[in-house]
Amino acid sequence: MFKIMPFQSEQLKVTARVKKLTRWVSVVLAFIIYVCCFGMQAFAEQIEFFDREQEYIDQDYNSAIYGAPEDENETSEPNLYAQTPVVKFRVSNMSPEIKTDLDYTDWWYSKWEDCHYIFLPATVDRNKLIITYETENEPLYLSGKSVVSGKMTSLLGEKDKFEVNAGDVYCGKLKIMQSNVGCIYLKTSRGGLEALDANKGLIETGSVLMLNENGGTEYSGFLEKITARGNSSWDYSLKKPYNFKLPKKENLYGMGEAKKWSLLGNYLDHSMLRNEITLKMSRAAGMEYVMDSVFIDLYADGSYRGTYQLIERVQIQKNRVNIRDLEDEMEKLDRKKPDTYKHCVVGAPNLHEYMENSYKYYDIPNNPHDITGGYLLQFQLWNRYGVKSNSGFITSRGQAIEIDGPEYASRDQVMYIRNFVQDMEDAMYSDTGYNAKGKHYSEYIDVDSFITAYLVQEISMNVDATSTSFYLWKDSDLKGDGKLHCGPAWDFDLAYSNFLVSRNNSDGDIGFSWNPNNLFVACFPINGYNESDRPVCGISWIGQLYKQDEIKKRVAEIYFDRFEPYLDDLICSEQSLIIGMAEEILPSAEMNNARWHMYGGKEYCVFGASSGEDFMGSVEIVRDFIEKRKAYLSELWTPLLVRGDVNSDGLFNIADVVAMHKWLLCSGNLNCRQAGDLCEDGVINIFDLCEMKNELFTLK
């Protein structure tokens with residue numbers, strides 16, 4: 001790791017110009033070298049376009065490399081209409097059926113097009129809007145028609161483009177766009193979202209109105225707080241993501257009651273679908289807990305903010321990760337707030353250090369009788385663990401584990417889950433799979449759950465896989481199976497070849513995030529610790545499991561049974577799911593692009609090179625990558641299947657014929673359908689059953 005020192009302002013200006021001219025040349029050159037040297041490990045280990053683990057990059061330097069807003073969005077044409085005699089142009093009465101003062105928006109100036117926009121939500125009746133304006137030159141005309149300030153008008157329903165005049169002064173064009181998804185109107189109480197955007201540590205409050213696409217109210221009332229969320233998605237996004245909390249649990253857009261929610265901006269993902277694709281894939285694959293989401297348009301203090309993905313937060317809760325709420329049990333025992341107790345660390349110099357075998361907790365005296373669960377855990381980057389994790393521990397091999405639930409864990413609770421995980425890790429890394437207590441790692445983890453989580457990460461080639469935002473949970477032994485499970489899937493905006501990076505572990509395995517024809521997540525390291533206070537690379541839990549032949553075989557079975565059918569529907573069907581997802585939000589995405597200028601080619605990317613000429617072009621880049629990824633993985637794992645072994649017992653016999661019979665009669669399941677495609681035509685039917693019988697007869 002390296003430390004970047006602050007630059008002076010003049011140096012920044014020079015650096016910005018140089019970087020802006022050379023960054024794509026560098027990527028092209030790196031790619032050419034990569035093509036020539038793909039097989040050379042010595043070179044491959046050096047291909048690292050960006051160090052994702054460096055948390056504290058100097059923000060001035062970041063602006064110099066990636067372009068500050070005023071530099072990145074610079075136009076070659078003069079901005080003639082940035083300043084006009086029209087000092088206010090507001091459209092209101094956007095939800096006439098609801099009594100509210102939140103449903104308004106101000107016009108917005110686009111420096112790229114040198115014109116103004118009005119962005120309207122789906123629920124608006126364009127024939128019943130109120131325009132309120134202030135000008136230095138009265139009156140205001142839209143395409144020659146006079147506008148009466150504060151009066152309802154049907155003028156904005158007549159067309160989508162207007163010429164604006166203030167008296168005799170021409171003020172440029174006004175363009176009208178309308179969305180097709182639900183919307184959220186937010187009115188902040190303090191400095192507004194602009195202040196929060198500029199200061200990640202601020203906490204805002206306010207009032208909010210949430211509507212669905214049909215105009216129905218999802219929630220109207222007080223907003224307890226809204227805060228920044230994310231790391232890279234915050235630091236490198238002009239369009240910021242947020243967390244917010246409601247005063248009490250609310251069922252928003254049919255996703256179940258909860259207080260805590262997130263608004264994903266998806267600014268780094270020009271398709272805006274990478275998270276949604278992964279959520280649907282996780283659900284299709286049978287992951288036990290999957291977060292729901294819905295796309296909405298966000299308006300804050302009269303400013304249109306773009307297309308956002310309203311998503312459930314990952315937390316222990318009945319409608320989310322539905323395991324025993326140990327934190328709630330603790331609150332019943334002690335009315336004192338848990339974070340007011342002494343914060344302690346063992347095995348490290350201070351709470352902010354990353355050191356193997358250390359752990360941190362809160363000196364809470366009272367514990368429920370049963371402390372075996374539930375626990376919600378998250379892998380954390382070695383250099384984020386110290387400042388991000390209130391409670392947690394680091395294994396002997398250097399895996400940093402943040403305890404998200406209970407967030408303020410007692411010493412007994414941390415010791416219990418720490419010892420449980422360490423015993424599992426010891427078994428996993430032993431030559432036999434058994435630890436010193438004589439227990440196999442499968443007694444600690446739900447193996448299929450781990451494989452399912454691995455496949456979600458591997459298919460998407462997620463750059464955060466097994467590093468951060470990788471969740472695990474364990475229920476109480478009295479309620480659950482006493483094992484660690486993986487999930488929910490979270491944070492995939494930089495997956496699907498949206499971030500150029502390589503990963504390599506101590507076995508010498510190396511994977512490249514931009515190449516669909518290689519394993520990536522199986523090559524991930526585990527962060528270790530040495531005397532130089534620098535991380536060393538081992539092999540991640542997933543990588544360690546994948547070294548075993550029986551695990552690889554099970555990976556293949558689960559992939560073909562649970563994942564490949566979804567991928568086929570996603571990209572290959574006559575009306576592919578991914579195109580359907582895109583078309584559902586297309587008008588909103590076009591509005592979002594007019595606001596943030598995300599499309600038009602690679603020069604608009606912050607990372608990677610996955611921006612199309614328009615929204616659907618960006619979606620096609622993702623679809624094309626998934627198509628190539630599926631082809632590679634299917635070819636890689638097909639040889640691991642036993643031909644005809646549809647019940648996945650490792651043998652091809654009469655039991656498989658019976659299973660196939662039942663499945664064709666819709667009275668049973670196949671554990672591995674791919675193994676039943678004996679005719680190799682991509683379809684499993686009666687002809688495959690006949691071939692199974694023929695082959696068994698031949699074998700006998």
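Okay, let's start with helix H10, residues 411–428: at 1.5 Å a residue its 18 residues should span 26 Å, and the end C-alpha atoms are 25 Å apart, so the two agree. The expected span there is 1.5 Å times one less than the number of residues. Helices (H or I, at least four residues) and strands (E, at least two) are DSSP runs, numbered from the N terminus. H10 is mostly covered, with 13 of its 18 residues buried. Buried means under 20% relative accessible area, exposed is over 50%, and partly exposed is in between, with a 1.4 Å probe and protein chains only.

Quick housekeeping. This is a predicted model, so local features need pLDDT of at least 70 and side-chain atom pairs count only at pLDDT 80 or more, while totals for chains, interfaces and linings use all residues. Residues are numbered from 1 along each chain as its sequence is written, and side-chain values use heavy atoms, with hydrogens and water left out.

Gly405 and Pro406 are joined by a cis peptide bond, omega about -5 degrees, and Pro406 sits in the loop between strand E22 (400–405) and H10. Another cis bond joins Gly373 and Gly374, again with omega about -5 degrees. Gly374 is in the loop between strand E19 (359–362) and strand E20 (375–380). For context, most residues other than glycine have a negative phi, and most peptide bonds are trans.

On to strand E4, residues 115–120. Is it enclosed or open? Here 6 of the 6 residues are buried, so E4 is largely enclosed by the rest of the structure. Cys115, Tyr117 and Phe119 point one way, His116, Ile118 and Leu120 point the other way, and all are buried.

What does E4 pair with? Strands count as paired if DSSP finds at least two bridges between them. Strand E3 (residues 108–110) runs antiparallel to E4 over 3 bridges, and Tyr109 has His116 as its bridge partner in E4. The E3 and E4 hairpin has 4 residues between the strands, and in it Asp114 takes a positive phi near 55 degrees. E4 also pairs with strand E10 (residues 169–178), this time in the parallel sense over 5 bridges. There, Phe119 has Met177 as its bridge partner in E10.

One aromatic cluster is formed by Trp108, Trp112, Tyr117, Phe119, Tyr185, Tyr299 and Tyr304. The structure holds 26 aromatic pairs. The rule is that rings of Phe, Tyr and Trp (its six-membered ring) pair if their centres lie within 6.5 Å; planes under 30 degrees apart are stacked, over 60 edge-to-face, and the rest tilted. Tyr185 and Tyr299 make a tilted pair, 5.4 Å centre to centre with 35 degrees between the planes. Tyr185 is in strand E11 (residues 182–188) and Tyr299 in strand E16 (residues 293–300), so the pair ties together parts that are 114 residues apart in sequence. Both Tyr185 and Tyr299 are buried.

Next to positive phi. Asp301, in the loop between E16 and strand E17 (303–312), has a phi near 50 degrees. At 26% relative accessibility, Asp301 counts as partly exposed. Asp491 has a phi near 70 degrees and is found in the loop between strand E24 (484–486) and strand E25 (502–504). That one counts as buried, because Asp491 has 17% relative accessibility.

Now a sheet. It's an open one of 4 strands, order E2-E1-E5-E8, with antiparallel pairing. Strand E2 (105–106) and strand E8 (151–153) are at the edges with a single partner strand each, so one side of each has no neighbour in the sheet. Strand E1 (residues 86–92) and strand E5 (residues 129–135) pair over 6 bridges, and Lys88 has Glu134 as its bridge partner in E5.

Last topic, cavities. On a 1 Å grid over the protein atoms alone, a cavity is a set of points where a 1.4 Å probe fits but cannot get out, and lining residues have an atom within 4 Å of a point. How many cavities of 30 Å³ or more are there? The count comes to 11.

Definitions and conventions
On a 1 Å grid over the protein atoms alone, a cavity is a set of points where a 1.4 Å probe fits but cannot get out, and a pocket is an open set with protein on both sides within 12 Å along at least five of seven lines; lining residues have an atom within 4 Å of a point. Grid points are joined across faces, edges and corners, and a volume is the space filled by probe spheres set on the points.
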